Amino acid sequence: MANWRQCKLGDVVNLKRGYDLPHQHRKPGPFAVVSSSGTTDYHAEAKVKGPGVVTGRYGTLGEVFYVSNDFWPLNTSLYVEDFKGNDPKFISYFLRQLDFGTRNAAGAVPGVNRNHLHAMDVTIAPLPVQRRVAGILSTYDELIENNKRRIQILEDVARALYRAWFVNFRFHGHQDSQRNASSLGNIPMGWEVAALRDVTTKIGSGATPRGGKEAYKTTGTSLIRSLNIYDYQFEFSNLAFIDDDQAAQLDNVVVEQCDVLLNITGASVARCSMVPSEILPARVNQHVAIVRANPRYMDPYFLLDSINNDQNKQKLLGLAQGGATREALTKDTISNFLILLPPRDLVLKYGELAGPLHSQRETLNRQIQNLRRTRDLLLPRLLSGQVDIPTMK
């Protein structure tokens, strides 16, 4: 660790509070608006020259975002005003390792005081090592971003296929089909409208084991929570685990291969994905419902794409927001939800086409998790000098 220096964080960077930009003052443009949770909007004007590094000042503490181009940091964030000769990309990784959560300012709303951060004791690598470290870690991030783009393409193709066949009715042989009136509008002859309870074998949610988060284990049976479920995407990073006894108490919500998972409470209500096969065996807690396709009527990929279809998603959100207290979908609401049911041979044909798309997405998402895991294992060792990084001559 020759030439590494011990100093205060304020000797490495200068952090500054972001700027107000109310929604009504924003104009469409190319510049990222960056908050404590990352890029949330775009604006016609930039406030800071890129590249930049932003972290949360309120709300999301400890998350750090690298911004390649000029941008507008919001007042809920702190951004690096001066890198003081350090490599910006390296600084984005370096700040991720600092425990900002312990530097909360006093008050009811979690926040950080930049003066407290500037006073933190740190050890910083010399600039040539910074560039090598940033290059190594950036390789992982670039692979992750490339996989994300490929996943988005696959998702777009699946959505377009569903929309073409089951919204615009441009399926094979559609030229000869006649239409009948239904509760969902005019539909091709021979198609039906069905409640989810009639085309599924299970609709149900689970519970949180007694003791809450403190009762979770580091290994065991996966416990799927709402923070794991996004539309078409499963987030592995916060997956909880329970032991055999806890799992036995949730035997009524055993997750099976190709189960569709639907968030039923809170701000993430109606988010929907399919369970990744590698996390089985698994259970769900009370905020997630299992919706299991009945193979007599339905392919699971058709069920997944039906729920995630834009029109059905908006209907589910409307039903959830109609509750008296908070956003929620009840078992009865889900069971009675109406979807279009084409003839079984067409549903199966759709599954043959959509299934490989979703399987590829799952493979790419699994690669992302592995890349993140490797990067996150390397990151503290590289930043602390535990791994020798030769400099380029």
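User: How many residues of helix α7 are buried?

Analyst: Some ground rules come along with the answer. This is a predicted model, where local features need pLDDT of at least 70, side-chain atom pairs count only at pLDDT 80 or more, and totals for chains, interfaces and linings use all residues. Residues are numbered from 1 along each chain as its sequence is written, and side-chain values use heavy atoms, with hydrogens and water left out. Buried means under 20% relative accessible area, exposed over 50%, and partly exposed in between (1.4 Å probe, protein chains only). Helices (H or I, at least four residues) and strands (E, at least two) are DSSP runs, numbered from the N terminus. In α7, residues 300–308, nine of the nine residues are buried, so the helix is largely enclosed by the rest of the structure.

User: Which residue of α10 does α7 touch, and at what angle do the two helices pack?

Analyst: Axes are lines fitted to C-alpha atoms, for helices over the stretch in contact, and angles run from 0 to 180 degrees between N-to-C directions. Angles under 35 degrees count as roughly parallel, over 145 as roughly antiparallel, 65 to 115 as roughly perpendicular and the rest as oblique. Helix α10 (residues 344–384) packs against α7 at about 80°, with the axes 7 Å apart. That makes the two roughly perpendicular. Contact means heavy atoms within 4.5 Å.

User: How are the strands β2, β8, β5 and β6 arranged?

Analyst: Strands of a sheet pair through backbone hydrogen bonds, either parallel or antiparallel. Two strands count as paired if DSSP finds at least two bridges between them. Here, four strands form an open sheet in the order β2-β8-β5-β6, with antiparallel pairing. The edge strands, β2 (14–17) and β6 (64–67), each pair on one side only. On average, neighbouring strands of this sheet are turned by 35° against each other, direction ignored. Take β5 (residues 52–56) and β8 (residues 77–82): they pair over three bridges, and Thr55 has Leu78 of β8 as its bridge partner. Helix α2 (residues 88–96) lies across β5, β6 and β8, and runs at about 170° to β6.

User: Which peptide bonds are cis, and where do their prolines lie?

Analyst: Most residues other than glycine have a negative phi, and most peptide bonds are trans. The bond from Gly50 to Pro51 is cis, with omega near -5°, and Pro51 sits in the loop between β4 (38–43) and β5. The bond from Leu280 to Pro281 is also cis, with omega near 5°; Pro281 belongs to the loop between β19 (272–274) and β20 (282–284).

User: What is the phi of Cys258 and of Ala270, and is each buried or partly exposed?

Analyst: Cys258 has a phi near 70°, a positive value in a residue other than glycine. Its place is the loop between α6 (244–248) and β18 (260–263), and with a relative accessible area of 23% Cys258 is partly exposed. Ala270 also has a positive phi, near 80°. Ala270 lies in the loop between β18 and β19 and, at 0% relative accessibility, counts as buried.
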